[in-house]
Amino acid sequence: MLRTSAVRIFSIARVAANPVACNAERCMSKHTVYDDAFDARYENYFNNKDIDGWQVRQGINDLCGHDLVPEPKIICAALRACRRVNDFALAVRIIEAMKDKCGSRVKEIYPYILQEIQPTLTELGISTPEELGYDKPELALQSVDDMH
Amino acid sequence: MASRLAVFGIKGLRTPKVPAGAVAMSGHGHGSGAPDFSPIIGKREVVGFGINGAPTYGDRSDFPLPAIRWKESTPDILALRKKELGDWKNLSIEEKKALYRASFCQTFAEFQATSPEWKQIVGVSLVVISLGLWVYYGLVAFVYPPLPETFSEESRKAQLRRMLDLQTNPIQGISSKWDYEKDEWKK
């Protein structure tokens, strides 16, 4: 909580000092120092050679708690981490989660992410959720409320 | 977390094999110090922290990666995992999907799909409303006496005429709109 407030105050102070920065916040084309540090922190985290599956999952769950769409370079690092821990399902799930993070602007942002991570996907042999047919519901699951 | 542990404790009580509270304590006979959750999760692999550290599975978008895998590690899946160690390009689409379904129950598209239940609710509501209307028409047709004579068009015209003759509400109301000299509505 304290950290959140601190970040907010920092962001307000930054906006007050430079009003233009307000519009550039978390845009893909423009970066502020804070965002670069954020990206680098997560990229380095996933680039850790000795990362294990537990850490990959924790990193992605943390990332999903932020109000942002992660940069493709972070996603690429996470996918490579999945390769190192030999968890294919994790890689597909991460792409799905990142698609979910695009929110209502998924039609604008998701194709960009796919385009940026495509070389990594091809190199590692990861299929996108679309290639696996997971962009539409595949199986139905009976609701627990309807059982018995 | 505390409530989770309490639930596990209760489940442990129900299962005769496990002494009460054993789950919350460090594992018996394992020596690793890790709690033994096998009475609850079977052979499912614990792969992460999940939401709160409890070994539970749930498909949710804010925590996309739950603490345990969805399916137990059967020989089929273990064989697939061995193949997973190699190049992923050699995996067929079916094998990739099997691996995904071993780790996760539902895809994002599945657990975020809107439930079609609203159709049933709207449909049943409309049926009930139409039944009510039929009951009303039935009452009108067979039960209620006919409307009084004063509801006829002639009677209502006569009432209006009388209101005008009495100059009802002459400032802002109906009589203010009547031209008494020409005996017609003002234009």
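Modeller: Let me begin with chain A as a whole, where buried residues make up 41% of the 148 residues. This chain of the predicted model has seven helices and zero strands, so that, from the N terminus on, its elements simply read α-α-α-α-α-α-α. Among the contacts in chain A between residues at least 6 apart in sequence, 65% join residues that are at least 24 apart.

Confidence in chain B is highest in helix α6 (residues 117–143) of chain B, at a mean of 97, and lowest in helix α1 (residues 2–14) of chain B, at 47. Over residues 5–30 of chain B the pLDDT stays under 50, and for this stretch the model has 22 contacts beyond four places in sequence. Where pLDDT is low, the predicted coordinates should not be read in detail.

Now to the part you asked about. The helix of chain A that takes part is α6(A), and its counterpart is helix α4 (residues 93–103) of chain B; the two pack with their axes 8 Å apart and at an angle of about 80°. With angles of 65 to 115 degrees counting as roughly perpendicular, α6(A) and α4(B) are therefore roughly perpendicular to each other. On the chain A side, the contact is made by F88(A), A89(A), V92(A), R93(A) and E96(A), and on the chain B side by K96(B), L99(B), Y100(B) and S103(B). The residues of this contact of α6(A) with α4(B) divide into five nonpolar, one polar and three charged.

Seen from chain B, the buried residues of α4(B) are E95(B), K96(B), L99(B), Y100(B), R101(B), A102(B) and S103(B). What covers these buried residues of α4(B) includes α6 of chain A, and also α3 (75–84) and α5 (108–111) of chain B, which places elements of both chains among the cover of this helix.

Seen from chain A, α6(A) also has a neighbour within its own chain. Helix α5 (residues 72–84) of chain A and helix α6 (residues 88–101) of chain A have axes that come within 9 Å and cross at roughly 160°. Because angles over 145 degrees count as roughly antiparallel, α5(A) and α6(A) are described as roughly antiparallel to each other. In this pairing, I75(A), A78(A), L79(A) and C82(A) of α5(A) meet L90(A), A91(A), I94(A), I95(A) and M98(A) of α6(A), and the residues of the contact of α5(A) with α6(A) divide into nine nonpolar, no polar and no charged. The crossing in which α5(A) passes α6(A) is right-handed.

G65(A), by contrast, is exposed, with a relative accessible area of 64%, and is found in the loop between α4 and α5 of chain A. G65(A) and K101(A) are 36 residues apart in sequence, while their C-alpha atoms are 9.6 Å apart in space.

Finally, two residues in loops of chain B deserve a note on their backbone. N169(B), in the loop between α7 (153–165) and β1 (178–179) of chain B, has a positive phi of about 50° although it is not a glycine, and counts as partly exposed at 47% relative accessibility. D183(B), in the loop between β1 and β2 (184–185) of chain B, likewise has a positive phi, of about 60°, although it is not a glycine, and D183(B) is partly exposed, with a relative accessible area of 43%.

Key. Residues are numbered from 1 along each chain as its sequence is written. Chains are lettered from A and ligands numbered from 1 in the order in which they are written. This is a predicted model: local features need pLDDT of at least 70, side-chain atom pairs count only at pLDDT 80 or more; totals for chains, interfaces and linings use all residues. Side-chain values use heavy atoms; hydrogens and water are left out. Axes are lines fitted to C-alpha atoms, for helices over the stretch in contact, and angles run from 0 to 180 degrees between N-to-C directions. Helices (H or I, at least four residues) and strands (E, at least two) are DSSP runs, numbered from the N terminus. Angles under 35 degrees count as roughly parallel, over 145 as roughly antiparallel, 65 to 115 as roughly perpendicular and the rest as oblique. A crossing is left-handed if the near helix is turned anticlockwise from the far one by less than a right angle, and right-handed if clockwise. Contact means heavy atoms within 4.5 Å. Ala, Val, Leu, Ile, Met, Phe, Trp, Tyr, Cys and Pro count as nonpolar, Asp, Glu, Lys and Arg as charged, and the others, Gly among them, as polar. pLDDT is the predictor's confidence in each residue, from 0 to 100. Buried means under 20% relative accessible area, exposed over 50%, partly exposed in between (1.4 Å probe, protein chains only).
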